[in-house]
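I opened the notebook to go through this model entry by entry.

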Amino acid sequence: MVRLSTLFQNAPDIEIKSLMSDSRKKRPNSIFFCMKGMMFDGHRFISQAIENGAIVIVHSEMIDKTDPNVTYVKVKNVTQAYNSVANAFYGFPSKKLKMFGVTGTNGKSSVTTLIKNLYNDINLTGYIGTISIEYGNVKLPPMLTTPEIDDLHGILRDMVNAGVKACALEVSSIGIEQGRVNSIDFDIGIFTNLTHDHLDYHGTMENYFQSKKLFFDNMKPSGIVITNVDDPYGLDIVSNTLSKVCTYGINNKADYQATNIQILKDKTIFTLRCFDEEYKVETNLVAMFNIYNLLAAIAALHTQGVDIVELLPKLTKIKQIEGRMERIDVGQNFNVIVDFAHTPDGITKVCEYATKITPKGNRIISVFGSAGKRDVKKRKIFGEIADKYCDMIILTEDDPRNESIHDIACEIASGISKTNYIIIEDRYYAISQAIELAEENDTILLLGKGDEQFIYREFGSEYYMGDDRIAREVIKNRLNSMEEIINE
């Protein structure tokens, strides 16, 4: 709780208990911020906000009808005011944490989770992103990839109160564009890559790039920016930053560079060149894109004083990142990989890895769909990628919202010219079919949902068992059935 007079000049000395930007939520003694979104304008919902407890309205447009029991504060920029107030209301929590911000099309969850897990032994570290919200013994369901302004500062305040010293935050392009991280005091900013995604929101790749670039443009002079020099956007995106720039990569010379890479079925070995030193690295992470993710995490921690020699033993047994290149192994003689890949680049990289671990003469079977009401241009591209790498394709649901699952699948199939495919709308049965089809040394790719335990339908979010859990259940049933046949 704070006094309004400490948040705004010349404001009355009244007690504020909470903040709100969603007029539907009940928040007694709150400040309501009239935020403008793509579809809704908070100025239209002032009456509802007052009914639900708002006693202060922060607005940027003229208001025709006012309530004598409510205080009105007119500002030029509501988003900026919301950031400033939320930061002060929660006690400037990001200034009390070492803040790692990771942005890019793919790899945000992996890099932030790697930082959290590797740094946690040195400084208690939290994580906020697509997978969950985690710190200490607390694990909460995810909100948005980058939570709303009030939620984000509240979570960081809770971390500070719990003794957390650092936080790794996934920073989405939409979160940047909507100003959700404007008042977060980042110490380290990391760029992973930029490929086709969210064009339904941004319109063009240039707009998408500029939204990401804004994050680095706003980094403080005392901060450190870490960028992927192998990505075509890697240097341009940090061209205007005031922070110190460090680089990582594989194909181009970088401050943190991986060479002599050997990708095996269950581990990867490479040489890490770091300035004038070389280190032999062995890690249980697999696939080339995960080496990029690991390089980004190593660079982030090394710039904060962590000795690479101390890191090396930890890299051999990195905790499995849920739903990210997650190997499902319950004793079957074929490969099953669950991955969140939902962009053309992400699916390509998982498929490329599958070709490396699948012996010639064996098949790659993929199960995936595409989200409804999201970036429809990539659907045909998904089909083209699967057509190039896979031997069998099963098209299924993936957050269809109010679109027809069959219609989405047909749009994907328009990119398939040579590979056999079938459409199974129910995702559980699609995964079951893939597992039933699998023979020894085949590889099954379950793509798009990762570890998510929900599916967005026309009426909202519905519980979903999860690709990883379904795969384990179906494989166990198959193995048990085979055992029963053998014992007969």
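I count a salt bridge when a side-chain nitrogen of Lys or Arg lies within 4 Å of a carboxyl oxygen of Asp or Glu. The model is predicted, so I take local features only at pLDDT of at least 70 and side-chain atom pairs only at pLDDT 80 or more, while totals for chains, interfaces and linings use all residues. Residues are numbered from 1 along each chain as its sequence is written, and side-chain values use heavy atoms, with hydrogens and water left out.

**Entry: salt bridges**

I looked up the total first. The structure holds 26 salt bridges. Side chains of opposite charge can pair when their charged atoms come close.

I then took E282. Its salt bridge partner is K267, and the closest N and O atoms are 3.6 Å apart. For element names I use DSSP runs numbered from the N terminus: helices are H or I with at least four residues, strands are E with at least two. E282 sits in strand β17 (residues 277–283), whereas K267 lies in the loop between β15 (256–263) and β16 (268–274); the two are 15 residues apart. For accessibility I call a residue buried under 20% relative accessible area, exposed over 50% and partly exposed in between, with a 1.4 Å probe and protein chains only. E282 is partly exposed at 33%. K267 is also partly exposed, at 26%.

Next came K220. It forms a salt bridge with D185, with 3.2 Å between the closest N and O atoms. This pair links distant parts of the chain, 35 residues apart. K220 is in the loop between α7 (205–217) and β13 (224–228), and D185 is in the loop between α5 (173–177) and β12 (188–191).

I also checked R469 and D468. Their closest N and O atoms are 3.1 Å apart in a salt bridge. R469 is partly exposed at 31%, but D468 is buried at 5%. Last, I noted a salt bridge network that links R3, D13 and E15.

**Entry: the open sheet**

In what order do the four strands of the open sheet run? I read β3-β4-β5-β6, with parallel pairing. Strands pair here if DSSP finds at least two bridges between them. β3 (18–20) and β6 (71–74) are at the edges with a single partner strand each, so one side of each has no neighbour in the sheet. Neighbouring strands are turned by 20° against each other on average, direction ignored. I take axes as lines fitted to C-alpha atoms, for helices over the stretch in contact, with angles from 0 to 180 degrees between N-to-C directions.

Helix α2 (residues 78–89) packs on this sheet and touches β3, β4 and β5. Its direction makes about 155° with that of β3. Between β4 (residues 30–33) and β5 (residues 54–59) I found four bridges. F32 stands opposite I57 in β5.

**Entry: helix α3**

Eleven of the twelve are buried. Among them are V111, L114, I115, L118 and Y119.

**Entry: nonpolar cores**

I define a nonpolar core as buried Ala, Val, Leu, Ile, Met, Phe, Trp, Tyr and Cys residues joined through side-chain atoms within 4.5 Å. Which members of the largest core touch the most others? They are F100, I115, I190, I226 and L272, out of 43 residues. Helix α8 (residues 288–303) gives the largest share, ten residues. A second, separate core has 28 residues, including F289, I357, I385 and Y389.

I listed contacts of F100, meaning heavy atoms within 4.5 Å. Beyond four places in sequence, its partners include I115, Y119, F186, I188 and L301.

L7 is in the loop between β1 (2–3) and β2 (15–16). It is buried at 17%. Leaving out residues up to four places away, L7 touches V2, I31, V85, A88 and F89.

Most residues other than glycine have a negative phi. N10 has a positive phi of about 60°. N10 lies in the loop between β1 and β2 and is exposed at 81%. N29 also has a positive phi, about 50°. N29 lies in the loop between β3 and β4 and is partly exposed at 29%.
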